[in-house]
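Please keep the structure in view while reading.

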Amino acid sequence: MSTLAFEHAALGFGNRTLWSNLDLSVQPGEFLAVLGPNGSGKTSLLKTILGQQRLDAGRVSLEGHPIRRGDRRIGYIPQQKLAAPGTPLRGRDLVTLGVNGHRFGLPITSRAERQRVDGLLADVGATRFADQPIGSLSGGEQQRLRVGQALAADPVLLLCDEPLLSLDLQHQRGVSELIDRRRREHDTAVVFVTHDVNPVLGMVDRILYLADGQFLQGTPDEVLQSDVLSDLYGTPVDVIRHDGRVIVAGVPEHHHV
Amino acid sequence: MFDYSNYGELLALVQNSIIAAAVLGVVGGLIGVFVMQRDMAFAVHGISELSFAGAAGALLIGANVVAGSVVGSLIAAVLIGLLGARARDRNSIIGVLMPFGLGLGILFLALYPGRSGNKFGLLTGQIVSVDFAQLGLLITIAVIVLVALLAVWRPLTFDSLDPEVAAARGVPSRWLSLGFMVMLGLTVAVSVQIIGALLVLALLVTPAAAALRVSSSPVAVPLLSMAFGFVSAVGGILLAIGGSLPISPYITTISFAIYLVCRIVGARRTREIRMTA
């Protein structure tokens, strides 16, 4: 059974269609990258999976059942957003929120939960800075903690919304390797929204490319071709491969893959 | 100016005021931690002006002043909560509501035929003149907020830090934000009675801001903030009853002095962290 499945799904705003007739399934352990220019509906796609945005038509399901809001089987890693310097939380508290942050009641963390947090901190290589205020941590360190937070509920699906944005190359590699290891070791499916496929190019099984109300999907080698993307955009686009990196040039409106 | 010869008798007279101030100091310090994290200091000020209008309106028509103050607070808090989900919208809404509330309050006071001493109490504090039944009401409201705040502590922390991730995890963001505004409104309504509409920030923002200067621990910050609020509010009353000055300047001065000390200690602390790093 696929972890995530869209059937004949459509979404638009007003009279603008973001995508329609979308059939997509993501298998356990599969790494799907979602690419496309700004405004092509990448983030909206994630919101439908999170149950925060209704489809105009069709269905989306998680492990065969309709999506519901706040499902603990989904781990969500957002864009890196630096915590304010005065935030009264330490690294481990960020991960603890993933374990019990949704629960009402007296804010007491049990011993078992604390051990779980220690384990998660070790998994994402964050033990060293676990007791520092998050406001004093670098973007890369904070993002490692967010991966730990997202893994807290042992998810079957990881949704990543540009998690590498504004990280330096070393941290991009570190964070994407954490995500890749998780799906290899636990068969967790990954849906990874990004505007730059290069940091995860070696990990991606399949690409969903959204543009101008159209989409196409396939392996990186199938999708990242000049003629294929030219067809999608309806205008000549060049896919340049250089040194193991992919650059898409000539796309209307400035952006890169 | 100071006369502490009958201090014992005076103390017995204001005993309930002291209890009210103590509870408010604790609740104000606690909710202040979230006011800082959610960047709502301006909202506190805006709510307090409408709370003042509500209290003044109640005074004019001879209704319960605390009830009037609560109604004004809640209207402002819910409006700000519903219309100002984003910080930018929020600030403009508060900027519009605040002078309206203050103006309305001044109008009510101008129409009020009673003693003028009560009038300014709403703006600058009047706890000693609050009667016994109303003090009980203030304490009850503050305790309710305290309990509610502890019950939503974790989801509210999550939502304040990262609303999108919290929502993805099933935290009911919208309801929680609205609930927080209601708690804030109630706390402001109580504060208006004790320290006055213009000075509410001294108990709802200053203690938390001071605590955040000296710690980042999720346990120490609320505890310190509550302690600072408690010391400011109770200390202010204890000092004021021996003299002829109103309570508010004592409270604001203590609270400000604590903040200054915390800033100095905090500056030294960050320097040390930087040196060891």
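## The sheet of chain A

In chain A, strand β1 (residues 4-13) pairs with β2(A) in the antiparallel sense over seven bridges. Strands (E, at least two residues) and helices (H or I, at least four) are DSSP runs numbered from the N terminus, and two strands pair if DSSP finds at least two bridges between them.

The model is predicted: local features need pLDDT of at least 70, and side-chain atom pairs count only at pLDDT 80 or more, while totals for chains, interfaces and linings use all residues. Residues are numbered from 1 along each chain as its sequence is written, and chains are lettered from A and ligands numbered from 1 in the order in which they are written.

The open sheet has four strands in the order β2-β1-β4-β5 (chain A), with antiparallel pairing. Because β2 (16-26) and β5 (65-66) of chain A stand at the edges with a single partner strand each, one side of each has no neighbour in the sheet.

## Contact between the chains

Contact (C-beta atoms, placed from the backbone, within 7 Å) joins 25 residues of chain B to 25 residues of chain A. On the side of chain B that touches chain A, α8(B) gives the most, with six residues.

## Two helices of chain B

Helices α2(B) and α13 (residues 220-240) of chain B pack at about 150°, with axes 7 Å apart. Axes are lines fitted to C-alpha atoms, for helices over the stretch in contact, and angles run from 0 to 180 degrees between N-to-C directions. The pair is therefore roughly antiparallel (angles over 145 degrees; under 35 is roughly parallel, 65 to 115 roughly perpendicular and the rest oblique).

Technical notes: Two residues are in contact if their C-beta atoms, placed from the backbone, lie within 7 Å.
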